[in-house]
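Look at the structure first, then read on.

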Amino acid sequence: MYRYDSIDKAIVEDRAQEFRGQVSRRLTGEITEDQFKQMRLMNGLYLQLHAYMLRVAIPYGSLNSRQLRRLAHIARTFDKGYGHFTTRQNMQFHWIKLAQAPDILDSLAEVDLHAIQTSGNCIRNVTADPYAGATAEEVDDPRVWSEVLRQWSTLHPEFSFLPRKFKFAVTAAEHDRAAIRVHDIGLILHRNDEGELGFEVAVGGGQGRTPYLAPTIRQHLPAGSLLSYSQAILRVYNRHGRRDNKFKARIKILVAALGAEEFARQVEAEWARIVAEQPDADLPAIELARIRGAFTPMNFETLPPRSAAFDAAKAGDRAFARFVRNNVKVHKQAGYAVVEISLKAIGATPGDISAEQMDAVADLGERYSLDDIRVTHEQNVVLPHVKLDDVPALYAALEAAGLASANIGLISDIIACPGLDYCALANARAIPIAQSIAQHFADQDRAELIGELKIKISGCINACGHHHVGHIGILGVDKKGEEFYQLSLGGSGAEDASLASILGPALPANRVPEAVDQIVERYLALRQGEERFLDTFRRVGMAPFKEAVYAEAH
Amino acid sequence: MKVLTANRLTDGEVVFWRGGHWVERFADAEIFAADDPAGQGAEAVALGQPTVVVEPYLIDIAEGPAGVAPVSYRERIRALGPTNEPEHGKQAEGGAAIEALLAATGAARSTGRVDLIRRK
């Protein structure tokens with residue numbers, strides 16, 4: 001894991017100190033709310049419905065136990081004893097007091113954490129595959145390049161006031177666990193036919209009111225050119241992005257307006273200029289080596305591929321066997337597993353984790369996962385390096401902490417934004433809809449029978465709940481002051497990315513679980529072989545599902 | 001009928017205007033008749049208190065089955081707390097005033113919020 005050097009530490013400490021001064025000046029009236037708002041947002045502090053909300057950056061979703069314990073401490077000391085993991089691998093605290101925010105930033109800085117650039121029209125926290133360093137699929141460790149981007153983009157003078165926010169996501173695996181195609185820049189590490197490491201560069205994806213999947217503008221960018229090429233993309237965007245219209249200011253609108261080919265042409269021309277005029281635009285090899293050194297392969301033990309203890313527990317405990325089927329994934333190292341911890345217990349708020357649970361996960365990560373803990377964009381947690389021998393004991397400890405829900409990827413593993421229960425932008429609540437659907441499908445056997453089905457819920461068109469890429473997407477809308485929910489089908493944020501299509505007229509809240517049930521039943525009736533819901537939908541189209549949900553209305 | 005609301009600067013707490021100062025409970029808020037210029041007057045005073053509150057605005061309220069409550073559910077959630085955590089926010093206190101807010105079912109957009117957005 002990357003450890004801050006003296007420069008990183010100084011940046012974060014200075015920023016916390018600077019923010020203390022800004023808060024002080026706001027409280028005394030030296031600066032206005034309009035002036036202060038830009039400053040607090042650049043430090044991740046929002047004013048929401050009931051209190052301030054602080055969004056803490058978790059670079060590429062990677063934490064150690066010390067950092068997670070500190071987040072637990074902040075939840076206990078400054079919030080109401082819990083935190084909320086977001087779809088960008090960050091953590092939000094929903095009950096923050098402005099006067100205490102500087103103390104929180106100081107506390108975060110002590111463990112190399114901060115809230116810089118978790119809001120504002122700048123380059124936001126870089127997200128990545130939560131299985132990085134643990135999956136055999138990857139050609140290189142995406143955390144190395146995510147960290148390069150983090151350092152480059154932090155307080156970047158040219159890109160601190162972009163037309164709109166800007167989000168990178170990085171993966172090095174074929175299986176996309178980072179929603180690459182719905183980011184402003186999605187980077188897919190690969191090796192070309194010559195075996196050279198490089199990136200497929202996708203630009204202009206995003207959700208919100210105008211969703212787009214990012215087209216690839218360069219099939220193979222030599223890895224060492226990542227920064228100069230990113231600079232070229234950002235520069236073209238900075239030059240032509242629509243600053244006159246907030247709703248058309250994201251890079252996706254520019255790419256769509258110019259066309260991917262023309263956008264790519266302009267980027268290539270800008271890149272050529274940068275390379276010619278700015279020989280230090282890319283990272284020197286020595287600095288790249290320093291960063292890479294922080295992610296050297298773990299000291300895995302040499303173990304047999306099978307574990308007698310693991311196999312015995314699986315044979316003797318049905319609940320454990322279910323946990324293994326759904327939450328335990330293949331690791332690159334024989335004798336190890338990737339273990340996903342679901343934050344989607346039936347009836348719970350998706351992504352919420354109590355301070356006690358944070359402490360428990362920190363302890364378990366330290367004990368069983370080489371002190372390595374990850375956050376997923378699906379609002380769950382991952383212990384990436386667990387010995388198969390240890391999985392039964394880990395499962396028992398998770399059960400004791402209320403964290404053993406065996407539903408990863410199933411219908412109750414729902415993404416939901418905070419919605420109108422917390423968010424000042426929301427039109428409708430998202431959390432209670434997620435809870436009611438999860439409760440409706442609480443039968444674990446039925447959930448497994450249904451198989452992979454990703455429901456994603458947003459409380460407004462900004463789409464923080466990723467509804468555009470849900471197998472079933474649900475968007476909360478305000479219909480003459482009442483909460484209604486528009487269902488969409490057929491989206492995917494994975495390697496088979498697609499945007500969902502609207503099913504039909506929006507439904508009242510109490511109709512949503514029933515409608516999802518009707519969709520599911522129709523799918524089960526139509527399913528062929530091992531098809532997932534998404535496969536069946538793509539084969540048969542919208543009509544049968546529309547008929548299932550709206551038949552009564554005709 | 002209208003009530004003046006805002007978020008308190010120091011902690012973001014939802015507050016309501018009552019006779020020249022701010023209170024935390026909706027039940028304690030001063031109620032202005034819809035055509036009473038005193039409501040706009042209070043809002044003007046509140047706008048001159050930038051070190052006390054953020055974004056003051058008037059909201060519509062109406063008589064519900066158990067007492068007055070904000071017309072929009074957004075404002076009811078502000079006056080109560082998040083619906084997924086009944087122990088968080090003002091609703092944790094319980095009592096008749098909270099029950100009255102929970103019993104309200106009317107639906108309308110938060111006109112005050114819309115006005116605020118227009119003002120920006």
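## Two annotated spans

The ends of residues 119–273 of chain A are 31 Å apart, taken between C-alpha atoms. This span is 32% helix and 17% strand. Helices (H or I, at least four residues) and strands (E, at least two) are DSSP runs, numbered from the N terminus. Residues 413–550 of chain A are 35% helix and 19% strand. Their end C-alpha atoms lie 26 Å apart.

An unreviewed UniProt entry places the feature "domain: Nitrite/sulphite reductase 4Fe-4S" at both spans, 119–273 and 413–550 of chain A. UniProt positions follow the numbering used here, feature names are shortened, and annotations may be inferred rather than shown by experiment.

## About the model

This is a predicted model: local features need pLDDT of at least 70, side-chain atom pairs count only at pLDDT 80 or more, and totals for chains, interfaces and linings use all residues. Residues are numbered from 1 along each chain as its sequence is written, while chains are lettered from A and ligands numbered from 1 in the order in which they are written.

## Domains of chain A

Chain A is assigned domain 1 (6–109), domain 2 (127–293), domain 3 (310–400) and domain 4 (415–553). Such bounds come from an automatic or database domain assignment.

The centres of domain 2 and domain 3 of chain A, taken over C-alpha atoms, are 32 Å apart. Each of these two domains gives 10 residues to their contact. Two residues are in contact if their C-beta atoms, placed from the backbone, lie within 7 Å. On the domain 2 side, 6 are nonpolar, 3 polar and 1 charged. Here Ala, Val, Leu, Ile, Met, Phe, Trp, Tyr, Cys and Pro count as nonpolar, Asp, Glu, Lys and Arg as charged, and the others, Gly among them, as polar.

## A sheet in chain A

Five strands of chain A form an open antiparallel sheet in the order S1-S2-S5-S4-S13. Two strands pair if DSSP finds at least two bridges between them. S1 (45–47) and S13 (352–354) of chain A are the edge strands, each pairing on one side only. The twist averages 30 degrees from one strand to the next.

S2 (52–56) and S5 (91–96) of chain A are joined by 4 bridges. A:Val56 has A:Met91 in S5(A) as its bridge partner.

## Two helices on the sheet

Helix H3 (65–78) of chain A lies across S2, S4 and S5 of chain A, at about 15 degrees to S5(A). Helix H12 (355–368) of chain A lies across S4 and S13 of chain A, at about 85 degrees to S13(A). Axes are lines fitted to C-alpha atoms, for helices over the stretch in contact, and angles run from 0 to 180 degrees between N-to-C directions.

How do H3(A) and H12(A) cross, and at what angle? Their axes come within 8 Å and cross at roughly 170 degrees. The two helices are therefore roughly antiparallel to each other; angles over 145 degrees count as such. Among the residues that meet are A:Leu68 and A:Leu71 in H3(A), and A:Met358 and A:Val361 in H12(A). This contact holds 8 nonpolar, 2 polar and 5 charged residues.

## Where chain A meets chain B

Here 26 residues of chain A touch 24 residues of chain B. H1 (6–28), H14 (431–440) and S19 (482–489) of chain A each supply at least two residues to the chain A side. H14(A) gives the most, with 3 residues.

Conventions: Angles under 35 degrees count as roughly parallel, over 145 as roughly antiparallel, 65 to 115 as roughly perpendicular and the rest as oblique.
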